[in-house]
Amino acid sequence: MNERKRTSRLIRTALLGTVALATLVARTGGAPSADGSTIKWTHLSSKNGDLPAPGPLEQTACVVVDVDKDGIDDIVIACRKKAPAMTWLRRGARGWTKYVIDDTLLPIEAGGTFCDIDGDGDLDIVMGEDSQGNHVWWWENPYPNYDPAKPWTRRAVKNSGANKHHHQLFGDFDGDGKQELVFWNQNARTLFLAEIPGDPKTTQPWPYTAIYAYTGKESEGLAKADLDGDGKEEIVGGGHWFKHNGGTSYTAHIIDDRQRFAKAAAGQLKKGGWAETVFVPGDAIGRLKWYEWTGSSWVGHDLLGHDVVHGHSLVLADFDGDGNLDIFCAEMAKPGHGEKATMWIFFGDGNGNFTKSVIATGIANHESQVGDLDGDGDLDICDKPYNWETPRLDVWLNNGTGPRFRAICNSGFSLDSPLGQLDDEMEESFRK
């Protein structure tokens, strides 16, 4: 049986119930590879009218999250200097529709995170104020009552103290089975931790505790992973990792003190032992490095051999479906590397070896994120610039949009659209 007939048979089988198997075929385009050679990127851009531009000129924050619980990740963009402060691009069968989350003017800083804060089964959004203010806010997801023109309810997590909050993150950092929020407060030179209140809708602000204070240059970047295998998620950021001692006590351990002002990521890049960490300067020029724990110290490995210019996008994800984490990093253009701004994926083999792949050059990235943006089971890239050619948004679909079982059954979905193209034999299999 040739490969095309075999693929079509697998898809027909998937329609009868074996969804996971066909999703794997769609995701990888065949057998997974350790160098990303199976991936062909489909580039969509608001510049070409492929999706709506999110809003104002200074696009600060980006969160990729399944807002409406349909199994497909959506895009949330926050801006400053002009309303609306936050916009949701909702994915549907024919593309994206723009919804307003907050129609006011707010100076939202880079970062942002999400969690089911109020325990109602949908995911709510958290973002912080920049150097102009002392707020961290959360927005209540109104699922299922969405109106493109009706803003969400906003409440305060923090509304006093020092200004500037660049990066927030949820995780179970004390092993109690509940999510905590950590956030940097740069002008306070402090990392804070907040427990979600029992009734978050009536509690403003939340109780929060300083778990790390420092002096000198600002720290930023947040990530999480069970680094040491103790069953708890550790906090990673500011060139450090933070070990939970009990209660709200944490000990800061240095990974690389030169990477305080940097984006952070963490995960099992190399099989066995501790999980690894990755840092790259997001608002400066410096090296993209991954770090492994040897048992006595953290050893850094330079991925490029030259500086990255404002590498404000950093994510670990398995793009090629081979079971190993890859490293996505991309540069800003303004400020940044201009027309030389580059997007990379370093495809990992799980043994500490990486194959570099350049996705594109000359396109700006700032707080770009990763998620399944078309519901086909693989990971795509949401590419957001800061102020280069804004308002603008780009999407990079991993092997285009493969067979989509949910969307095929959705009336109005077009197999002829650029978001749903199949080869002739696959399409015929679906029609049968």
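Here follow questions and answers on a predicted model of one protein chain.

In this predicted model, local features need pLDDT of at least 70 and side-chain atom pairs count only at pLDDT 80 or more, while totals for chains, interfaces and linings use all residues. Residues are numbered from 1 along each chain as its sequence is written, and side-chain values use heavy atoms, with hydrogens and water left out.

Visitor: How many helices and strands does the chain have?
Guide: Helices (H or I, at least four residues) and strands (E, at least two) are DSSP runs, numbered from the N terminus. Counted that way, the chain has 4 helices and 30 strands.

Visitor: What share of the residues is buried?
Guide: Buried means under 20% relative accessible area, exposed means over 50%, and partly exposed lies in between (1.4 Å probe, protein chains only). The chain has 432 residues. The buried share is 57%.

Visitor: Among contacts between residues at least 6 apart in sequence, what percentage join residues at least 24 apart?
Guide: A contact means heavy atoms within 4.5 Å. Among the contacts between residues at least 6 apart in sequence, the share joining residues at least 24 apart is 51%.

Visitor: What is the volume of the largest pocket?
Guide: Rolling a probe the size of a water molecule over the atoms shows where empty space is left. The search uses a 1 Å grid over the protein atoms alone: a cavity is a set of points where a 1.4 Å probe fits but cannot get out, a pocket is an open set with protein on both sides within 12 Å along at least five of seven lines, and lining residues have an atom within 4 Å of a point. Grid points are joined across faces, edges and corners, and a volume is the space filled by probe spheres set on the points. For the largest pocket, the volume is about 790 Å³.

Visitor: Which residues lie nearest the centre of the largest pocket?
Guide: Strands supplying at least two lining residues each include β2 (58-65), β10 (168-171) and β24 (313-317). The lining holds 31 residues. Nearest the centre lie L169, L222, A223, V315 and Q369.

Visitor: How do the lining residues of the largest pocket divide into nonpolar, polar and charged?
Guide: Ala, Val, Leu, Ile, Met, Phe, Trp, Tyr, Cys and Pro count as nonpolar, Asp, Glu, Lys and Arg as charged, and the others, Gly among them, as polar. The lining divides into 18 nonpolar, 9 polar and 4 charged.

Visitor: Which residues line the largest cavity?
Guide: The structure holds 1 cavity of 30 Å³ or more. About 30 Å³ of space lies in the largest cavity. Its lining divides into 6 nonpolar, 3 polar and 1 charged. The residues are M332, A333, K334, A364, N365, H366, P385, Y386, N387 and W388.

Visitor: With which residue does R80 form a salt bridge?
Guide: A salt bridge is a side-chain nitrogen of Lys or Arg within 4 Å of a carboxyl oxygen of Asp or Glu. For R80 the closest N and O atoms are 4.0 Å apart. R80 lies in strand β3 (residues 74-80) and its partner in the loop between β5 (95-102) and β6, so the pair ties together parts that are 29 residues apart in sequence. That partner is E109.

Visitor: Is D130 buried or exposed?
Guide: D130 sits in the loop between β7 (124-128) and β8 (135-140). D130 is linked with E58, R80, K81 and E109 in a network of salt bridges. The relative accessibility of D130 is 3%, so D130 counts as buried.

Visitor: What is the N to O distance in the salt bridge of K243 and D228?
Guide: K243 is in strand β16 (residues 240-246), and D228 is in the loop between β14 and β15 (234-237). They are 15 residues apart. The N to O distance is 2.7 Å.

Visitor: What is the phi of K81?
Guide: K81 lies in the loop between β3 and β4 (86-92). At 64% relative accessibility, K81 counts as exposed. Phi is positive in this residue other than glycine, near 80°.
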